[in-house]
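This report describes the packing and the side-chain pairings of a single model.

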Amino acid sequence: MCRQVFGFRLAMIALAAPSALLNAGPGLGVRLVGAAVVVTFMGSYVLFRDWERFGPLLLRHPSLLALDTLFGALLLVSAGPDTTLAYVSVCTPLLAGLVYGWRGAAVFASLQGLILLLVHAALPDPRPGPAESLLLPGLCVIAGAVGSSLRNLMFRFGAATRALTTVRARLAVAEAVGAERARLARELHDSVAKTLHGVALAADGLAASAGADRMDAALVRRQAELVARSARRAAAESRELLADLRREADPDHATDLLAELAARTRDFGARTGLRTTYRPTSDAGARLPPVPPAVARQLLTIVSEAMENAHRHGAPTRVEVRAGVHGDLLRISVYDDGRGLPADTTLEQLRKAGHFGLVGMVERATSVGARIHIGRGGHPKGTEVRLDLPLAALTTTGAPAAAT
């Protein structure tokens, strides 16, 4: 705003300078008026162009504005109060109000008003009436009050903006903390928590077998081995989770996603005994670009969760995993021929019932910009979980996604 005021001063000085020079007395008078024109014009130009640099200097030294006022008075005396320089005089208390507050506005409005009254008193006959003489001094007082009010308003606006920024920062921190908690909850639910639940079930079976009237040593041994294997698997999953979380911070550490999918499919089949197959389905000549660790982990966890859900809830006879590049999409599907989902199942119903597996799959897909479909697909029965991830998301993650 101060810059705009100086821009207005520049225009008014440029318009009134010829009149001031013509009305100046010969010799020393012309030189003084010419010096006043140069000083006021250049000062206004410098502050208009580089206010951020020279504005603090004017703020620290009010005497500079007082000196400018005296040079302006010299021009006003030479050109006369009926020229455009009269409007320059009104700018001075406005600037003082903006820069120094109401005290500065009062001082410079009084100084400028006194200068204007002296100029009017020095005019030759016929002298202007009292109303005309007091018009410009009154405008100076009003301009000073306006400048001071604008200064206070801008300070209040700045305080409100800072408060709003603080609130937004706190909300962003709270949102980030909530997102991180949800992410860690998904990681624990999809790995360690399920394995520990299996350990608990195996331990209950072992306790029941050990407390039976006729203890079967072979059965107890098998159950104890199952507990040990499950515990080791939980420990391995914990180490894997920590290692993957650390690798996510290294974007240069790419993952061979298709090879990892094949390995996890084989491991799932060996562990559960289900007939499980993996089939690559890429178009001819299509190649999968490097997959960042953060994206690969989400996709692999979705596939693992889909297979585990099929095994626990679907009672399938086979599970088939397919993956490949089709056009500009990476498509991954997990199909089982089990009983399928109940009709009209929604994510909200699953969330309220405490079944967070499918909910977590949708959240993971959304976090990497993938579109996930959960249903029968084109099959007469069973369940298909299909992921469509744009290849562009492998370099720019976080795009919004949808679930159906």
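## Nonpolar cores

The largest nonpolar core comprises 35 residues, and those with the most contacts inside it are L257, L299, I332, I372, L387 and L389; a nonpolar core is here a set of buried Ala, Val, Leu, Ile, Met, Phe, Trp, Tyr and Cys residues joined through side-chain atoms within 4.5 Å. Two or more residues each are given to this core by α10 (257–272), α11 (293–314), β2 (318–326), β3 (329–336), α13 (356–368), β4 (371–375) and β5 (383–390), where helices (H or I, at least four residues) and strands (E, at least two) are DSSP runs numbered from the N terminus. The most is given by α11, with nine residues. Apart from this core lies another one of 20 residues, including L65, L95, L98 and Y100.

L389 can be followed in more detail: leaving aside residues up to four places away in sequence, it touches V295, L299, D328, L329, L330, V368, G369, A370 and L394, contact meaning heavy atoms within 4.5 Å.

The model is predicted, with local features needing pLDDT of at least 70 and side-chain atom pairs counted only at pLDDT 80 or more, whereas totals for chains, interfaces and linings use all residues. Residues are numbered from 1 along each chain as its sequence is written, and side-chain values use heavy atoms, with hydrogens and water left out.

## Helix α11 and the residue after it

Of the 22 residues of α11, 17 are buried, so this helix is largely enclosed by the rest of the structure; buried means under 20% relative accessible area, exposed over 50%, and partly exposed in between (1.4 Å probe, protein chains only). The end C-alpha atoms of α11 are 30 Å apart, which agrees with the 32 Å that its 22 residues should span at 1.5 Å a residue, the expected span being 1.5 Å times one less than the number of residues.

Just after α11, A315 takes a positive phi of about 50°, and this is a positive value in a residue other than glycine. A315 is found in the loop between α11 and β2, and it is exposed, with a relative accessible area of 53%.

## The aromatic pair

The structure holds one aromatic pair, which is formed by Y100 and F108 and is stacked, at 6.2 Å centre to centre with 15° between the planes. Rings of Phe, Tyr and Trp (its six-membered ring) pair if their centres lie within 6.5 Å, and planes under 30 degrees apart count as stacked, over 60 as edge-to-face and the rest as tilted. Y100 counts as buried at 17% relative accessibility, and F108 is buried with a relative accessible area of 6%.

## Salt bridges

There are nine salt bridges in the structure, each defined by a side-chain nitrogen of Lys or Arg within 4 Å of a carboxyl oxygen of Asp or Glu. One of them joins E260 to R264, with the closest N and O atoms 3.3 Å apart; being four residues apart in helix α10, these two are separated by about one helical turn. E260 counts as partly exposed at 30% relative accessibility.

In another, the side chains of R312 and E305 meet at 3.9 Å, N to O; R312 is partly exposed, with a relative accessible area of 39%, whereas E305 counts as buried at 2%. R322 and E320 also form a salt bridge, their closest N and O atoms being 2.6 Å apart. Salt bridges that share partners join R279, R318, E320, R322 and D337 into one network.
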